[in-house]
Amino acid sequence: MESYHPTLAHGIFAEVILPLAVPKPYTYAVPEELVAAVRPGLRVEVEFGGAKRYAGLVSRLHHDTPPHKFKTILSVIDEEPILNERTLQFWQWLADYYCCSLGEVMEAALPANLKLASERRLVLSPLYDGNFTGLTDKEYLIAEALSIQETITIDDVRKILNQKTIYHIIKSLLDKKVIYLFEEMEEKYAPKKVACVRLAEPYRSDSKQLAGAFDLVAKAQRQTEALMAFIQLAREKPAKDGGLLRSEVYKKASVDSSVLNSMAKKGIFELYEREVSRIGGYEDEVSEADELAPQQTRALQEIRTHFTEKNTVLLHGVTGSGKTRVYLELMQEAIARGEQVLYLLPEVALTTQIISRLQKTLGDAVVVYHHRITNNERVEVWKKVGSPERSSTVRQLAVGSQSDSSAAPNSQLPTVELQTCIVGARSGLFLPYEKLGLVIVDEEHDTSYKQNDPAPRYNGRDAAIYLAHLHGAKVVLGTATPSLESYLNARTGKYGLVEMNERFGGIEMPEIVVVDARQELKERKMQSHFTSVLLDSLKEALAKGEQAILFQNRRGYAPTLRCNTCGWHSECIHCDVSLTYHKWRNNLQCHYCGYQQELAKTCPACGSHELNLQGFGTEKIEDELKIYLPDANIGRMDYDAVRTKDAHARIINDFEERRIDVLVGTQMVTKGLDFENVSVVGVISADQLLQFPDFRSGERGFQLITQVAGRAGRRGKRGKVIVQAMNPAHPVIREVIDNDFQAFYEREIMERKAFEYPPYSRLIKITLKHKKSDVLNRGAKIFAKVLSAKLGKRLLGPTVPPVGRVREYYLLDIMIKMERNPAIWKATKDLIWEATRVMQQEEGFSTVRVNVDVDPG
């Protein structure tokens with residue numbers, strides 16, 4: 001082939017990272033005409049695996065001729081590097097530490113628009129107006145082809161232009177927004193909506209007509225109060241569309257949605273939804289006090305003191321203590337120094353509430369980055385963050401003086417250069433930062449920071465600390481329930497430790513009541529899955545116009561359909577797991593592969609009609625709660641309810657605007673949400689959290705119950721938490737009741753040390769996969785034999801995991817448990833690569849997949 005060159009005069013070669021799971025970068029020769037253009041961090045067009053072409057990334061240049069045949073780089077895609085040296089170092093660390101390839105890191109890190117391959121499809125942008133001015137002849141041909149055909153592939157572009165090197169042309173069309181990659185067309189970022197109310201015509205345009213409106217509500221006192229409250233608020237807060245937030249009217253007049261609905265039917269009010277910026281938020285929403293509380297001032301000073309000696313500080317503050325206000329002060333200070341800030345959140349959904357809070361102070365400096373924004377938006381953020389001259393603007397900042405922590409937060413400072421502040425989930429780590437100065441990892445304990453599939457299976461918190469190390473940046477880990485690893489690091493002096501033990505504004509911690517569900521069952525007080533104490537508390541809260549949250553960490557209606565006669569139960573045909581019944585779809589569904597089937601009417605094993613749904617999930621809680629609270633508006637927030645992009649924001653908005661009285665949810669409701677009117681929180685089944693077969697189940701249970709309890713009584717009132725449990729004497733439950741993290745930590749860390757579990761040891765879980773169980777078993781023996789020869793008793797397994805088959809693949813787990821010794825740690829990772837090579841070189845085992853999970857969560 002033309003691209004093979006045994007020798008080249010200039011002898012310059014490039015290591016190119018391909019977006020594939022190949023063991024290492026591939027070496028390509030740099031042709032004479034591209035020597036001046038090729039640099040590390042640039043994308044280049046290359047062939048790999050026959051005639052297939054990819055956009056690879058140059059990691060380094062050298063003069064070492066490879067010992068094998070090599071191909072040449074076909075073209076250079078970028079004029080300027082899309083990555084800097086530190087970002088490449090970060091990629092290399094991720095690949096080395098988490099036992100994966102640089103190609104897998106590249107695939108996870110780059111936005112889709114920066115990854116081009118032969119099979120990708122192109123479509124004409126809906127924003128393109130058909131104006132061919134400014135297009136080159138070749139760009140015009142592609143645009144014309146797309147105006148005739150709905151989509152074309154990148155290979156089609158080669159045929160249309162009759163040339164092989166076309167990625168630079170596609171990049172130009174993407175930059176000009178003439179084309180999109182196909183999957184972008186399915187990604188529309190829906191705006192946030194807030195529920196509003198305004199006077200209907202003719203009252204809105206003619207105030208003289210208001211007397212007629214008062215006549216219509218003369219016999220309804222609550223409606224009269226609502227109308228008077230609206231008029232008063234409208235004078236205080238005039239809006240262009242004449243509207244107000246419904247929640248403001250509810251609060252001012254002490255009424256609920258039924259009152260406004262009745263007035264809308266009478267033609268007095270018009271109820272509508274106003275679209276507001278997802279970033280900017282609603283201008284009248286105020287979430288935190290401007291002035292720092294004494295506890296916040298003290299915490300800030302302690303963090304600054306720790307930063308003189310340590311790079312990482314653990315901020316341990318109880319729920320509602322005002323940690324976000326502390327973060328904001330630190331962010332302002334970093335931006336004033338001309339540094340970039342990365343604010344990590346465990347869930348994309350949390351950005352819904354936090355963004356407007358940050359935007360009020362930091363303005364346009366705040367940029368959102370996560371997988372829910374479009375590919376084009378991701379590329380824009382990528383370029384903005386990676387280019388100081390494009391990312392910086394000049395504005396006046398209100399920042400407290402670092403040397404005087406008591407300074408007012410609104411004291412004026414000179415004009416400074418402002419670098420972009422990134423807010424997002426763990427994918428924000430991959431951006432090519434130029435001057436990162438501060439990283440905040442909020443809810444650092446959260447399991448959502450751990451990537452499970454595909455590789456790299458990294459922990460966002462740990463990766464953030466290393467990224468900060470590369471940039472010389474400072475890190476704040478914030479949480480009400482620290483992970484044992486982080487707290488041990490703080491206790492031993494590796495991290496600084498700052499504690500905030502009081503809620504902001506002097507609000508009391510919620511009252512936690514544990515109800516013995518077993519005793520209530522004996523006394524026949526239980527109604528379905530609700531104890532009498534929980535139902536009475538819900539009714540009392542609703543009577544006062546307050547709201548409630550119920551937590552059940554299992555979605556669906558019922559997890560098992562079982563035959564009472566023969567014991568048969570429904571199972572997935574692709575996985576070794578029961579099918580879950582979903583009432584809203586009226587079918588059975590697998591939560592691992594998505595397989596669905598109709599609900600059986602008779603037992604397929606014995607023909608019996610006695611089929612019974614066993615267990616309960618959020619759907620069933622929501623459904624049965626409507627029986628006991630018929631007048632309440634019940635909402636649900638779980639994976640099924642938030643599948644669409646704006647669904648999570650809509651549910652949160654509905655709850656904030658009090659269109660939902662009781663919100664039922666999975667662990668989504670435990671994470672950092674702040675609702676001022678929630679007075680009751682219920683944990684439906686605490687036992688489920690504590691009985692999971694994992695050494696971290698106690699830690700996870702304590703964190704989840706404490707976090708969900710923190711949603712109660714967040715603003716101005718003490719909340720109440722009802723914990724239902726069959727075993728109320730469980731030590732974790734007692735520690736939650738006492739709000740005693742120290743007791744929990746001392747007991748749990750002692751158990752970890754006794755049984756040599758993290759943080760006193762290191763774990764690597766290896767999962768072997770194959771569609772044939774006999775091939776998998778024999779391959780696992782070969783793999784384990786290589787490991788056991790050097791690891792000995794450190795090796796546990798192979799063993800079948802709790803779910804032994806997923807998506808037609810049989811699974812076997814191997815666990816490596818070793819001491820915290822860097823030399824052994826590195827040697828073990830090298831041994832894993834060797835065991836993989838030995839096994840896959842054996843005849844018949846090349847298709848056995850090996851997934852390595854370092855520090856499994």
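Ring pairs join Phe90, Trp93, Tyr97, Tyr98, Phe430, Tyr458, Tyr466 and Trp825 into a cluster. Here rings of Phe, Tyr and Trp (its six-membered ring) pair if their centres lie within 6.5 Å; planes under 30 degrees apart count as stacked, over 60 as edge-to-face and the rest as tilted. The model is predicted: local features need pLDDT of at least 70, side-chain atom pairs count only at pLDDT 80 or more, and totals for chains, interfaces and linings use all residues. Residues are numbered from 1 along each chain as its sequence is written, and side-chain values use heavy atoms, with hydrogens and water left out.

The structure holds 22 aromatic pairs. One of them, between Tyr26 and Phe48, is edge-to-face, at 5.2 Å centre to centre and 85° between the planes. This pair links distant parts of the chain, 22 residues apart. Tyr26 belongs to strand β2 (residues 26-29), and Phe48 lies in the loop between β3 and β4. Helices (H or I, at least four residues) and strands (E, at least two) are DSSP runs, numbered from the N terminus. Tyr26 counts as partly exposed because its relative accessibility is 29%. Buried means under 20% relative accessible area, exposed over 50%, and partly exposed in between (1.4 Å probe, protein chains only).

The rings of Tyr97 and Trp825 have centres 5.9 Å apart and planes at 50°, so this pair is tilted. It too links distant parts of the chain: Tyr97 in helix α1 (residues 85-97) and Trp825 in helix α26 (residues 822-841) are 728 residues apart. Tyr97 counts as buried, at 16% relative accessibility. Trp825 is buried as well, with a relative accessible area of 8%.

The secondary structure of the chain comes to 26 helices and 37 strands. Of its 857 residues, 57% count as buried. The chain exposes about 37500 Å², of which carbon and sulfur atoms supply 50%. Accessible areas come from the Shrake-Rupley method with a 1.4 Å probe; for residues, only the protein chains shown count as cover. Among contacts between residues at least 6 apart in sequence, 75% join residues at least 24 apart. Contact means heavy atoms within 4.5 Å.

The largest nonpolar core has 117 residues. Such a core is a set of buried Ala, Val, Leu, Ile, Met, Phe, Trp, Tyr and Cys residues joined through side-chain atoms within 4.5 Å. Phe90, Trp91, Ile766, Phe783 and Leu787 touch the most other members. Helix α25 (residues 773-791) gives the largest share of this core, 8 residues. Leu787 touches Ile766, Gly792, Leu795, Ile814, Ile816, Leu831, Ile832 and Ala835, not counting residues up to four places away in sequence. Apart from this core lies another, of 31 residues, among them Leu292, Ile303, Leu358 and Cys421.

Seven strands form an open sheet in the order β15-β18-β14-β19-β20-β13-β21, with parallel pairing. Two strands pair if DSSP finds at least two bridges between them. The edge strands, β15 (366-369) and β21 (496-500), each pair on one side only. Neighbouring strands are turned by 20° against each other on average, direction ignored. Helix α13 (residues 375-386) packs on the sheet and touches β14, β15 and β18; its direction makes about 130° with that of β15. Axes are lines fitted to C-alpha atoms, for helices over the stretch in contact, and angles run from 0 to 180 degrees between N-to-C directions.

Strand β14 (residues 340-344) is mostly covered, with 5 of its 5 residues buried. Gln340, Leu342 and Leu344 point one way, while Val341 and Tyr343 point the other way. In a regular strand the side chains alternate between the two faces of the sheet. Parallel to β14 runs strand β19 (residues 436-442), joined to β14 by 5 bridges. Leu342 stands opposite Val439 in β19. β14 also pairs in the parallel sense with strand β18 (residues 421-424), over 4 bridges. There, Gly424 is the bridge partner of Leu344. Elsewhere in the sheet, strands β13 (residues 312-317) and β20 (residues 474-479) pair in the parallel sense over 5 bridges. His316 stands opposite Thr479 in β20.

Helix α5 (residues 167-175) is mostly covered: 7 of its 9 residues are buried. They are Tyr167, Ile169, Ile170, Lys171, Ser172, Leu173 and Leu174. These buried residues pack against β3 (43-47), β4 (53-62), β7 (121-124), α3 (137-148), α4 (154-161) and β9 (179-181). Lys177 follows α5 and has a positive phi, near 60°.
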